[in-house]
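Some notes on this model follow, as numbered points. Please read them with the sequence and coordinates open.

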Amino acid sequence: MTNPGEQFKSLNSGRFVVPGWTNLVPGKPDAVELQLDLDEADAGREQALLLVEYWADGQELTLQSLLPVRAFRAASEGGPGWCVFVPAQGRVLVRAIDAQPDPPVLASHWINVEPNTVPGTVVHIDVKFPDGAVAPAEA
């Protein structure tokens with residue numbers, strides 16, 4: 001993975017910007033900074049990652065990125081973490097995935113970005129993996 005020190009940083013928060021997550025829709029400026037805040041208890045996960053997806057129109061996937069949890073450890077040495085920028089439209093889905101435990105763990109966070117969102121809005125997405133204690137499904 002690229003050294004986070006070589007990535008773009010948000011001028012407002014000092015967070016590293018996930019590569020490719022600026023100027024997603026031609027003619028629509030970046031209006032919302034989505035800050036990804038990983039729970040401290042999950043920082044030690046070795047196989048975990050965040051899958052971040054954006055739909056500009058709600059119909060077709062515009063962009064998706066994988067962000068390994070270990071990138072948060074690297075970023076903590078050089079700044080407060082990671083973020084993405086989106087225009088004031090569309091939907092964002094953040095999935096926290098760790099395939100290592102049995103059964104695997106998954107947590108999802110949906111964000112609807114309304115067209116009347118004030119430019120400069122900051123949204124904190126608190127990402128916490130489930131503890132893995134899953135009850136068996138009943139037939």
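1. pLDDT is the predictor's confidence in each residue, from 0 to 100. The protein chain averages 85, with 88% of the residues at 70 or above. This is a predicted model, in which local features need pLDDT of at least 70, side-chain atom pairs count only at pLDDT 80 or more, and totals for chains, interfaces and linings use all residues. Residues are numbered from 1 along each chain as its sequence is written, and side-chain values use heavy atoms, with hydrogens and water left out.

2. Over residues 133–139 pLDDT stays under 50. For this stretch the model has 1 contact (heavy atoms within 4.5 Å) beyond four places in sequence.

3. The protein chain holds 1 helix and 8 strands, taken as DSSP runs numbered from the N terminus (helices H or I, at least four residues; strands E, at least two). Their order from the N terminus is β-β-β-β-α-β-β-β-β. Among contacts with a separation of 6 or more, 67% join residues 24 or more positions apart.

4. Of 139 residues, 42% are buried, meaning under 20% relative accessible area with a 1.4 Å probe, protein chains only.

5. Leaving out residues up to four places away in sequence, Val86 touches Trp21, Leu24, Asp30, Ala31, Val32, Leu34, Tyr54, Val92 and Val113.

Methods:
Buried means under 20% relative accessible area, exposed over 50%, partly exposed in between (1.4 Å probe, protein chains only).
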